[in-house]
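Let's take a walk through a protein model together. Have a look at the picture first, and then we'll go from the whole chain down to a couple of single residues.

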Amino acid sequence: MEIQSAFASGVQGFQKATEDANKAATAIAQETTSADNFAEAQAVPQTAENESLPAEQLPNLNQEIVNLKVAQHQAEASAQVIKSADEALGTIIDVTA
């Protein structure tokens, strides 16, 4: 069994977070675009009273916002792993020098 270095794990986690954030952002953009198209198809002028999304789209949009926030936390955690690996490597270099 091969054990990855902390640095490689951090980079891999950061790449996954970036991928997840991109997916969530794309889904959010598609949801809001489809809501705009829905309003245009219904020929309802946009007013303050009907700017909200149709009720059946709200849970999906909410889930994508949560997914975006999860990706943010994953990226922050991965950055901390990379920072810790960098500090550990610096310490090892200082000790051996």
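Start with the overall build: the protein chain has two helices and zero strands. Keep in mind that this is a predicted model. Helix α1 covers residues 6–41, and helix α2 covers residues 58–96.

Now, how much of the chain is buried? Of its 97 residues, 19% are buried. The chain exposes about 7200 Å², and carbon and sulfur atoms supply 59% of that area.

Next, think about who touches whom. Take the contacts between residues at least 6 apart in sequence: 77% of them join residues at least 24 apart.

You can see that kind of sequence gap with a pair of residues. Is Glu31 buried or exposed? Its relative accessibility is 14%, so Glu31 counts as buried, because the cut-off for buried is under 20%.

Let's finish with Ser78, which you'll find in helix α2. Ser78 has a relative accessibility of 7%, so this residue counts as buried too. Which residues does Ser78 touch, leaving out those up to four places away in sequence? They are Gly10, Gly13 and Phe14. With Phe14 there's a polar detail to spot: a polar atom of the Ser78 side chain lies 3.3 Å from the backbone nitrogen of Phe14.

Methods:
Residues numbered from 1 in each chain as written. Predicted model: local features only at pLDDT ≥ 70, side-chain atom pairs only at ≥ 80, totals over all residues. Heavy atoms only, no water. Helix = DSSP H or I, 4+ residues; strand = E, 2+ residues; numbered from the N terminus. Buried < 20%, exposed > 50% of the residue type's maximum accessible area, 1.4 Å probe, protein only. Contact = heavy atoms within 4.5 Å. Areas by Shrake-Rupley, 256 points an atom, 1.4 Å probe, with all protein chains shown as cover. Polar contact = N/O pair within 3.5 Å; in protein donor to acceptor, adjacent residues only side chain to side chain.
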